[in-house]
Number of protein chains: 2
Amino acid sequence: MDSRVERHAELIVEHCVDIQETDDVYVSAPAAANDLVVALHAELGKRGANPLLSWRNSAASRAYHREMDAEEYALSEHSLAVMEEADALIAIRGDENTAETSDVPPENLSAAQRANQAVQEARPDRWVGTQYPTAGNAQKAEMSTEAYEEFVWTAVNKDWDEQYDHQEQLVELLDPAKEVRIRSGDTTDLTMSVAGMRAVNDDGRKNLPGGEVFTAPVPDSVEGHVTFDKPVLYMGREIQNASLEFEDGEVVDYAADQNEDALGAVLDTDEGARRLGELGIGMNRDIDRFTYNMLFDEKMGDTVHLAVGRAIDECVPDDADIEGNQSATHVDMIVDMSEDSVLEVDGDVVQRDGTFRFEDGF
Amino acid sequence: MDSRVERHAELIVEHCVDIQETDDVYVSAPAAANDLVVALHAELGKRGANPLLSWRNSAASRAYHREMDAEEYALSEHSLAVMEEADALIAIRGDENTAETSDVPPENLSAAQRANQAVQEARPDRWVGTQYPTAGNAQKAEMSTEAYEEFVWTAVNKDWDEQYDHQEQLVELLDPAKEVRIRSGDTTDLTMSVAGMRAVNDDGRKNLPGGEVFTAPVPDSVEGHVTFDKPVLYMGREIQNASLEFEDGEVVDYAADQNEDALGAVLDTDEGARRLGELGIGMNRDIDRFTYNMLFDEKMGDTVHLAVGRAIDECVPDDADIEGNQSATHVDMIVDMSEDSVLEVDGDVVQRDGTFRFEDGF
């Protein structure tokens, strides 16, 4: 067994979801991630936990969704039950073919998400999403499988305490902030309120790798336009050059150079799918290239990302008179901030051309 | 896609578990069965059902059980919840390596079964166990993979109405019977009461392939000795020439030429593991060779099988003043009846040297 896989498994159970004896642990993984699944089960055995292993099978999903009608989707009571009873969720991704669901009607995938929103919401507090380096994801990244493995495990198996301290510098600026403005070239100028929302330091617990600071926009406050420089990979389709125009928080116009219908399907999922749920700022300098995989791309130091759809609960204080955006979907999209770009917090420049004010070279 | 796989998938959803719209269907399968899993998901989509796919991963199970202590096992609440909410269960087997769990302490596997007996008991009424023809199972059968595929799909994709009629001839003899006696060579002479129990016609619904008639012995009634001619494959171990001696229904002595400790672990699972839960009589003439796979071997025409452990609910009428055997385990063992053997029902010979009285050549 590759020692990098064993370290990955240890980090998951210790750092991410802190597994204890008799914890009911729900693991989902594709067949290609077999090594990590085996290493993880050894760790779960060492801790006396109870695993239940679900199989992420995109070919089976494709076959299923192609035969369904959009109006037929219903809540899976058994999927809900397992989520409700689980103490921790470990979701491992890894594609044999990142385009596997590219010939499924997007409205079916949206309908499936809507019908099973309660399953998503029942996710236990202790959860993590992580990545196994497959040949399919390496191909998408235009890397050899071996080079991609090294890329993934370097980003994953790092010193997360050190990363936490680095990110806390931005949390201290963003957490008390009222307004954020993002400008990039001629194509992006967007303002939003984050007043009352919590800025969260992602030190690799819920996402492994982690490496971002994220918060929730006040849903009605978003104004302006944004173009996403990097393609959005949504359920097997690449949405190129997506752009959104916001008024009073809502998308009033959208466009894309490729798969615009898929972007439309995302926005039509429900009412909340036309509003922003997340503003995230990438800070993981070990992720030094785009790999067309959101789990990594959104953590890059030279990027910010916005998600239409559901806000992340942690960002919305329970006791405040404020609500995060509600939706069955959550789709992240990236703005490259490396050139001709400025991130402002309450009128102060916090990042210029990808470099933070607390980094060398600002 | 191989049309035999598509036919297998159709039989499962139509004949075995009769899937209807919005049924919550729990599917478990190994990665090696991917083709059948994909075909099955297409069938579930056609019927508008909700699938949840669990991954049978024997390498992960091995890693887990090797790290556990026997006294640590606890009920998996999430595994129980999914079983309770499922409307139908489709369990697909298929081994990459039939010996994968051969170096796991057998007492751990027994402890795991005991701790999760409630999960097994919560299985929905609509369930089926079936087989995908893997290279590992082909190797165990001493067959090429292609020849084994043909063997499996011939046994599975058959005319089950015709098979039902054939078997009903034995049901009519066995259902009203009081006593059964099994004699084979010098090594087996066993009598048991089946009075009040129901003889069930297995026409490929809960097991695919099916092809047996089975009933439940009255737990305290079993007397005599039996030697099992075919090895019992129990959680990765081959128990050779197992023999059991019964008094008042209970095993009072046992032996095996190989892996006797695994046989002991089975019998020590709990009190009911020392009593018989099933008498089955194989009647599927398309299964014409032993393949060291109980799902098939127990259906052969020239065999009877006995299981220590749990009785099958269908055999025990609800309203009768009679109980089937209770246990967390159910392990089938086979007696070859092809030579020097007689099966008697209430003193009448029903099968001699493998041929039934209603077959040619009796």
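Biologist: Where in chain A does A:Pro209 lie?
Modeller: The model is a predicted one. A cis peptide bond, with omega of about 5°, joins A:Leu208 and A:Pro209, whereas in general most peptide bonds are trans. As to its place in chain A, A:Pro209 lies in the loop between strand E8 (207-208) and strand E9 (212-215).

Biologist: In chain B, what is omega for the peptide bond from B:Leu208 to B:Pro209?
Modeller: B:Pro209 lies in the loop of chain B between strand E8 (207-208) and strand E9 (212-215). The peptide bond that reaches B:Pro209 from B:Leu208 is cis, and its omega is near 5°.

Biologist: What phi does B:Tyr292 have?
Modeller: The loop between strand E15 (276-282) and helix H11 (294-297) of chain B holds B:Tyr292, which is partly exposed, with 17 other C-beta atoms within 10 Å. Although B:Tyr292 is not a glycine, its phi is positive, at about 55°.

Biologist: How are H1(A) and H2(A) oriented to each other?
Modeller: Helix H1 (residues 3-16) and helix H2 (residues 34-46) of chain A pack with their axes 9 Å apart and at an angle of about 50°. The contact includes A:Val5, A:Ile12 and A:Val13 of H1(A), and A:Leu36, A:Leu40 and A:Leu44 of H2(A); by class, it has 8 nonpolar, 1 polar and 4 charged residues. H1(A) passes H2(A) in a right-handed crossing. Since roughly parallel requires an angle under 35 degrees and roughly perpendicular one of 65 to 115, the two helices are therefore oblique.

Biologist: Which element gives the most to the side of chain B that touches chain A?
Modeller: The contact takes 39 residues from chain B and 39 residues from chain A. On the side of chain B, the elements that give two or more residues include strand E1 (24-29), helix H2 (34-46) and helix H4 (77-85). By class, that side has 19 nonpolar, 12 polar and 8 charged residues. The element that gives the most, with 8 residues, is H2(B).

How values were computed:
Residues numbered from 1 in each chain as written. Chains lettered and ligands numbered in written order. Predicted model: local features only at pLDDT ≥ 70, side-chain atom pairs only at ≥ 80, totals over all residues. Axes fitted to C-alpha atoms, helices over the stretch in contact; angles between N-to-C directions. Helix = DSSP H or I, 4+ residues; strand = E, 2+ residues; numbered from the N terminus. Parallel < 35°, antiparallel > 145°, perpendicular 65-115°, else oblique. Left-handed = near helix turned anticlockwise from the far one by under 90°. Contact = placed C-beta atoms within 7 Å. Nonpolar A, V, L, I, M, F, W, Y, C, P; charged D, E, K, R; others polar. Buried ≥ 20, exposed ≤ 12 C-beta atoms within 10 Å, placed from the backbone.
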